[in-house]
Amino acid sequence: MNWNWSHVDDFMPLFWDGVELTLKALFFGTLIAFSLGLVWAIAQRSEKKWIRWPVTVFTEFIRNTPLLVQLFFLFYVVPEWGPSMSPLTTGIVGLGLHYSTYTSEVYRAGIEGVPDGQWEAATALSLSKRRTWTAVILPQAVRRVIPALGNYVIIMLKESPQMAAIGALDMLGQAQGYSQATFTYEAISVVGVAFIVIAYPASVLLRVLERRLVR
Amino acid sequence: MSADSSTSQEIPNPAVDGSELIRFDKVVKRYGSNTVLDELDFSVASGKHVTLIGPSGSGKTTILRLLMTLVKPDEGTIKVGDNYLTHEERNGKLVPAGEKHVREVRKNIGMVFQQFNLFPNMKVLRNITEAPVTVLGLSKDEAEQRARELLDLVGLGDRCDAYPSQLSGGQQQRVAIARALAMRPQVLLLDEVTSALDPELVAGVLDVLRDIAHTTDITMLCVTHEMSFARDISDQVLMFDSGRVIESGTPEKIFTEPEHERTREFLSAVL
Ligand SMILES: Nc1ncnc2c1ncn2[C@@H]1O[C@H](COP(=O)(O)OP(=O)(O)OP(=O)(O)O)[C@@H](O)[C@H]1O
Ligand SMILES: [Mg+2]
């Protein structure tokens, strides 16, 4: 098989569409995963059973079923009685929701890593619950888990091609379409390189953060 | 906050000496099947400095933690000033205290911990101003002025902008003392506040506490193994054994002519 640059040229417009979609999905998916995960983690420490219990069941359920199933469900089943969303929006919601159940575990570990003495000092000073969380516990907990959270950004990047199943063509989805139509492999190779180009600097950045934040 | 006195007949009210600030009444605390405090009664008069001594496991820390509401008693009542810490009065009946009531009463109590427990994510000044601003509602300026005065008092006026991790243990503990005092509590609880320190740092912290004991009218409840310090600042020493006060008196009496055999054994072991 000979490498043919003209296939690369032909693929480029599709490639950039795919890159745009991948980055959008990654950015907004991460936003959802990071914020929703925090909500789950805090809810699971609630003193109220009726908050703790449903959240635990829901997050366990999401974490233990495949992302692909959730994407299909959101795209084909939810619109039957709820909002119908574009493939990209569905992909973002699915990715964010799915990985929020993982980031919640990360936050949970971070929160549990804050020594009891910090809670006790907050009580001794009569700090409100809200203040105890926002000023004392979360700044310490989140700092510790930023590298672990960052790992999920890379994992989400690598899982984002699953969105192609509901018609949101990320860069891999585009390459697959092109390659199957033309029986060539150049497009797939370009995308492989693109994944590395995005993921590798991200891992380096994470390692730097880890060294600076976790002391 | 103030209790309605017309409904107070139904409330079990232990004979109250006007100046009494803390009263434990038949307080029981169990951990599983281990009864740590068994119907403990004791009281502390306002402005007094009281030291709790006794063997390891006798329940000294538990008493301070009960007062700080870090643990709940299984039975009995604890009163701080005119209010129950553990209960509140509703329609003339004593019911277990709600969160809001506990917070109000607890504002009168401050605590310094063995492990300092400063907030590592905040600079020294903010460690001290956080609660006065968000709990007492002081303005930032007022709180900072108060904090700076207290830092001067503990000899750290120049370390406002340091993070706790940049300070020695002794300095951290002095910041923790300033942090507790910034809330202007009526009672200061001190649980072995020098036992996590390197020996050469102990004296600095004890000097600060001596100073506070001798120059303020704050009530102190103090657990310590530093007997010379206890002798120096205490008006009263309580000897605990197995969750009971077995002997109490002035430091002169307890340290020089203890009545109880257990006290004598304990003192000869630690002195
Ligand atoms: N969280 C806990 N869970 C179970 N048991 C506990 C707990 N805290 C304290 N205890 C038990 O309660 C008893 C009294 O403990 P406490 O810490 O009050 O003793 P102490 O007088 O402060 O001792 P020390 O001088 O060693 O600090 C001990 O037997 C201890 O094992
Ligand atoms: Mg103790």
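This is a predicted model: local features need pLDDT of at least 70, side-chain atom pairs count only at pLDDT 80 or more; totals for chains, interfaces and linings use all residues.
Take strand S3, residues 49-53 of chain B, and strand S10, residues 219-223 of chain B, which pair in the parallel sense over 4 bridges. Within that pair, B:Val50 stands opposite B:Leu221 of S10.

Helix H1 of chain B, residues 60-67, packs on this sheet, where it touches S3, S8, S9 (187-191), S10 and S11 (236-241) of chain B, and the direction of the helix makes about 145° with that of S9.

Stepping back to the whole sheet, it is an open one of 6 strands in chain B, running in the order S8-S9-S10-S3-S11-S12, with mixed pairing. Strand S8 (109-112) and strand S12 (244-249) stand at the edges of the sheet in chain B, and because each has a single partner strand, one side of each is left without a neighbour in the sheet. From one strand to the next, the twist averages 20°.

Let me turn to chain A, and to helix H7, residues 171-182, whose 12 residues reach 17 Å from the first C-alpha to the last, close to the 16 Å expected at 1.5 Å a residue. At the start of this helix, a side-chain oxygen of A:Asp170 comes to within 3.2 Å of the backbone nitrogen of A:Leu172.

Which residues of H7 in chain A are buried? They are A:Met171, A:Gly173, A:Gln174, A:Ala175, A:Tyr178 and A:Ser179, and the buried residues of H7 pack against helix H1 (5-43) and helix H8 (186-213) of chain A. After H7 comes A:Phe183, with a positive phi near 55°.

Terms used. Residues are numbered from 1 along each chain as its sequence is written. Chains are lettered from A and ligands numbered from 1 in the order in which they are written. Side-chain values use heavy atoms; hydrogens and water are left out. Two strands pair if DSSP finds at least two bridges between them. Helices (H or I, at least four residues) and strands (E, at least two) are DSSP runs, numbered from the N terminus. Axes are lines fitted to C-alpha atoms, for helices over the stretch in contact, and angles run from 0 to 180 degrees between N-to-C directions. Contact means heavy atoms within 4.5 Å. The expected span of a helix is 1.5 Å times one less than its number of residues. Buried means under 20% relative accessible area, exposed over 50%, partly exposed in between (1.4 Å probe, protein chains only). A polar contact is a pair of N or O atoms within 3.5 Å; within protein, one must be able to donate a hydrogen and the other to accept it, and residues adjacent in sequence count only if both atoms are side-chain atoms.
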